Amino acid sequence: MTGRELLTCEGVDAGYTKGRPVVRAFDLRLLAGEITVLLGPNGAGKTTLLSTLAGLLPRLGGSVTLDGRPTHAGRAREVARRGLVLVPDDRALFTQLTVRDNLTLARRRRGGTLEQVLDYFPALGKRLKVAAGMLSGGEQQMLALGRAMIQNPRVLLIDELSMGLAPVIVEELLPIVRRIAEDTGTAVVLVEQHVRLALELADRAVVLVHGDTLLSGSAASLVADPGLLERAYLGEPVAETVP
Ligand SMILES: Nc1ncnc2c1ncn2[C@@H]1O[C@H](COP(=O)(O)OP(=O)(O)OP(=O)(O)O)[C@@H](O)[C@H]1O
């Protein structure tokens, strides 16, 4: 289910103060069913960028098009209604509510079903009556992803899926993200610190350093030339676009 361009960013500036963008001139073209991993050192601007795309921060410049139609800056509800869903790094669960309630509250008209979510995350099936705050870190991340899934996203932005999780759990969760993208045609932007795992999973990669895109290209070319990624992380000059 790939092909259609679902998210286009052109010259996006993101940040907290007008005239002082933290991320500058960000470009992205994201196709249905495709996963782009957004890499970069701490403080590069990855969370700021995702929050801006989700409309939680006012965009400071540039344009964002969602499934062919422009989005208005800073309109989180409108963007969510049109199918762009953010899984934030703190997961933002209702910790006092049960797993079932977290999922059903997120569900919207023409959204997914509980059964569809449990098909991807069967472990949640045994925990439906448990308060979200009592789940393990891995289960909480499954719930956060499940809550995004039940909204039937066209574009899914996942910030630091692996935050606080053991690598073995991350290795379990990442292939599920791939399956979701392939089965449903959802386009995914994934911020991930486990660079190797993320590159193995993703189709494309973008490296942000101090708010500038230093490198973008196919994940396969970055896997094939690890030195390229290292030089970009260190802020050394590299060809900005690789095949
Ligand atoms: N609420 C805020 N107000 C002002 N500046 C902020 C705010 N949040 C983050 N910043 C600044 O924006 C820059 C980018 O931060 P951001 O959290 O987007 O980076 P990141 O790439 O997601 O980092 P990490 O990998 O550590 O999560 C940093 O210089 C940070 O200090």
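This is a predicted model: local features need pLDDT of at least 70, side-chain atom pairs count only at pLDDT 80 or more; totals for chains, interfaces and linings use all residues.
Residues are numbered from 1 along each chain as its sequence is written.

The protein chain splits into two domains. Their bounds come from an automatic or database domain assignment.

| Domain | Residues |
|---|---|
| domain 1 | 5–83 + 154–233 |
| domain 2 | 96–152 |

The C-alpha centres of domain 1 and domain 2 are 23 Å apart. Nine residues of domain 1 contact six residues of domain 2 (C-beta atoms, placed from the backbone, within 7 Å). Helix α6 (residues 167–184) gives the most to the domain 1 side, with five residues. Helices are DSSP runs of H or I, at least four residues, numbered from the N terminus.

The 18 residues of α6 should span 26 Å at 1.5 Å a residue, and the end C-alpha atoms are 26 Å apart, which agrees. The expected span is 1.5 Å times one less than the number of residues.

Leu-174, Val-177, Ile-180 and Ala-181 of α6 are buried (20 or more other C-beta atoms within 10 Å of their own; exposed means 12 or fewer; C-beta atoms are placed from the backbone). They cover an arc of only 115 degrees around the axis, so they sit on the same side of α6. The arc is taken over directions from the helix axis to the C-beta atoms. Val-168, Pro-175 and Arg-179 are exposed on the other side. Gly-185 follows α6, with a positive phi near 75 degrees.

The ligand is surrounded by residues including Tyr-16, Lys-46 and Thr-47 (C-beta atom, placed from the backbone, within 6 Å).

Key
Two residues are in contact if their C-beta atoms, placed from the backbone, lie within 7 Å. Helices (H or I, at least four residues) and strands (E, at least two) are DSSP runs, numbered from the N terminus.
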